[in-house]
Amino acid sequence: MLKVKILRVVLVAFTLIMGWESWALENCLQEQTRLRAQVHLLETRVKQQQIKMTQLLHEKEIQFLDKVEEISVIDLGGKRQYADCSEIFNDGFQRSGFYKIKPLQSPAEFSVYCDMSDGGGWTVIQRRSDGSENFNRGWNDYENGFGNFVQKNGEYWLGNKNIHLLTVQGDYTLKIDLADFERNSRFAQYDNFKVGDEESLYELNIGEYSGTAGDSLSGKFHPEVQWWASHQKMKFSTWDRDNDNYKGNCAWEDHSGWWFNRCHSANLNGIYYRGPYTAKTDNGVIWYTWHGWWYSLKSVVMKIRPNDFIPNVV
């Protein structure tokens with residue numbers, strides 16, 4: 001009888017322990033679910049705050065530009081409207097600076113920096129110089145353009161709409177001037193550069209490469225990587241508009257708007273580090289064929305002019 005009583009006590013104790021463990025496990029799972037929901041809510045609130053901050057900064061930026069635009073833009077005396085900087089250069093205005101242009105299909109004029117050095121007539125569509133501008137922006141900002149359109153070396157993105165309006169006018173050459181923190185410089189050049197319209201999601205098209213920096217845009221530096229490294233025919237992506245070929249979101253991971261594939265061998269709108277860096281992803285200002293993925297460049301200028309441009313030196 002004693003053995004039976006002991007057995008019963010053991011069984012009751014075992015049942016109580018198992019019941020307690022089951023209750024504890026259920027409570028633990030409920031707590032995990034609650035914490036996950038809280039984390040998701042916090043992430044959503046942080047993203048909303050980031051969007052609001054970006055909007056406020058953009059509004060202040062516009063107000064600032066409105067105040068100084070009349071001083072910073074070079075006055076052409078209302079002589080005529082110019083479709084790009086090459087026309088301005090060949091009409092005798094050969095000083096680098098900000099000018100007003102109006103591409104043929106553009107509904108209005110807009111300001112752009114004209115680089116009248118390097119043979120003249122270059123329309124600058126992007127510039128990185130010091131990390132002063134936030135390039136981790138959403139679709140609307142990249143579509144309409146953002147940045148410092150006042151200072152000579154101010155960072156900006158001209159806007160996908162404006163880049164399309166420029167390149168739809170004819171055949172354009174894209175030249176990319178690159179510099180590192182060791183005072184070295186290289187360039188990459190592509191003929192027949194074109195950016196599609198909004199319906200095409202601002203698809204990138206590039207022609208033949210020439211230059212000293214290597215061909216990072218087409219991914220032809222190695223045939224086995226071209227399927228994921230090429231940016232040719234890629235749609236534009238931002239953190240809130242994922243148009244890449246990657247299972248994740250390249251723009252979100254790399255903090256940039258760009259023509260991502262899976263994800264990139266070039267990303268000139270990445271985070272502005274100062275040379276070599278470490279991060280979870282290769283999210284710096286990258287040109288793979290020169291400095292690889294883990295070196296962020298000091299300066300970048302993307303500029304365009306017609307393929308058949310002939311400078312008027314008279």
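**Exercise 1.** Determine the pattern that the disulfides of the protein chain follow, with bonded cysteines counted along the chain.

Solution. The model is a predicted one. Counting bonded cysteines along the chain, the disulfides follow the pattern 1-2, 3-4. A search of the whole structure gives two disulfides.

**Exercise 2.** Characterise the disulfide formed by Cys-85 and Cys-114.

Solution. 
- Step 1, distance: the sulfur atoms of Cys-85 and Cys-114 are 1.9 Å apart, and the cut-off for a disulfide is within 2.5 Å.
- Step 2, handedness: the disulfide is left-handed because the torsion about the S-S bond of Cys-85 and Cys-114 is about -75°.
- Step 3, position: the pair links distant parts of the chain, with Cys-85 in helix α2 (residues 85-90) and Cys-114 in strand β2 (residues 110-115), 29 residues apart.

**Exercise 3.** Characterise the disulfide that joins Cys-250 to Cys-263.

Solution. 
- Step 1, distance: from S to S, Cys-250 and Cys-263 are separated by 2.0 Å.
- Step 2, handedness: the S-S torsion of Cys-250 and Cys-263 is about -90°, so this disulfide is left-handed.
- Step 3, position: distant parts of the chain are linked here, since Cys-250 lies in helix α6 (residues 250-254) and Cys-263 in the loop between α6 and β10 (266-267), 13 residues apart.

Methods
Residues are numbered from 1 along each chain as its sequence is written. This is a predicted model: local features need pLDDT of at least 70, side-chain atom pairs count only at pLDDT 80 or more; totals for chains, interfaces and linings use all residues. Side-chain values use heavy atoms; hydrogens and water are left out. Helices (H or I, at least four residues) and strands (E, at least two) are DSSP runs, numbered from the N terminus.
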